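Here are my notes on this model. Please read them alongside the coordinates.

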Amino acid sequence: MGEPIKFWYEFASTYSYLAVMRIDKVADAAGASVIWRPFLLGPIFANQGWDDSPFNIYPSKGDYMWRDLERLCEDYALPFKRPSAFPRNGLRAARVACVANEEGWCPAFSRAVFTAHFAEDRDIAEPSVLKEVITDLGQNAAASLEAANAPPTKAQLRRNTDAAQEHGIFGAPSFTVGRELFWGNDRLGTAMAWSLGVR
């Protein structure tokens, strides 16, 4: 097994949905190791002068993205229902993911939240939605949500976001192998090959 891949994703990100739902299967097939890193795009977009998703700022880009997402979900056999609100606030979900990362259930939690968001059109900013997701995974929802609001968890998410910026990350999903950066769902295979030393 080569150098691990750090997987940077944002719960509001459409293309992160695709990567989250397939990265473990791809990594297992390749014999690669993945380190999950939830982070926030908001501060990164703000540094670029954006106060909204670029898919909303540039409507033609947004129109293309939604159609592209439909096609790719069909290709990957993933359910898809266009969210009635976009982007949704993924802050609370990202904090829970940090808690889950420490406890070993981050991938399952992340897949469930992305399914709620992009397959079921549920508002992932709502604590009730996250409570249901956590409970369905057999975890203690009250304890997890309490830990998500604790200062150490908030600090961890800030560190993840700061580290993403230090890596030069400007969008999600992104993958890093050492100092090498790969951006976009379509670069997952390339990142896997790089991590295994296949050039």
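Predicted model: local features only at pLDDT ≥ 70, side-chain atom pairs only at ≥ 80, totals over all residues.

1. Helix α5 covers residues 91–103. Its 13 residues should span 18 Å at 1.5 Å a residue, and the end C-alpha atoms are 19 Å apart, so the two values agree.

2. The buried residues of α5 are A93, A94, R95, V96, A97, C98, V99 and A100. Their packing partners include strands β1 (5–9) and β2 (34–38). Helices α6, α7, α8 and α9 also pack against them.

3. The largest nonpolar core has 53 residues. F7, Y9, F11, F109 and F175 touch the most other members. Apart from it lies another core, of eight residues, W8, L41, I44 and A164 among them.

4. Y9 deserves a look. Beyond its neighbours within four places in sequence, its contacts include W36, A97, C106, F114 and A172.

5. The structure holds 19 aromatic pairs. F7 and W36 count as edge-to-face because their planes stand at 75 degrees, with ring centres 5.1 Å apart. This pair links strand β1 to strand β2, 29 residues apart. F7 is buried at 0% relative accessible area; W36 is buried at 4%.

6. F170 and W183 form a tilted pair, 4.9 Å centre to centre, with 55 degrees between the planes. F170 lies in the loop between α9 and β3, and W183 in strand β4, so the pair ties together parts 13 residues apart in sequence. F170 is partly exposed at 38%, and W183 is partly exposed at 46%.

7. Ring pairs also build a cluster, with Y17, W105 and F118 among its members.

Notes:
Residues numbered from 1 in each chain as written. Heavy atoms only, no water. Helix = DSSP H or I, 4+ residues; strand = E, 2+ residues; numbered from the N terminus. Expected span 1.5 Å × (residues − 1). Buried < 20%, exposed > 50% of the residue type's maximum accessible area, 1.4 Å probe, protein only. Contact = heavy atoms within 4.5 Å. Core = buried A, V, L, I, M, F, W, Y, C linked by side-chain atoms within 4.5 Å. Phe/Tyr/Trp six-rings, centres within 6.5 Å; stacked < 30°, edge-to-face > 60°.
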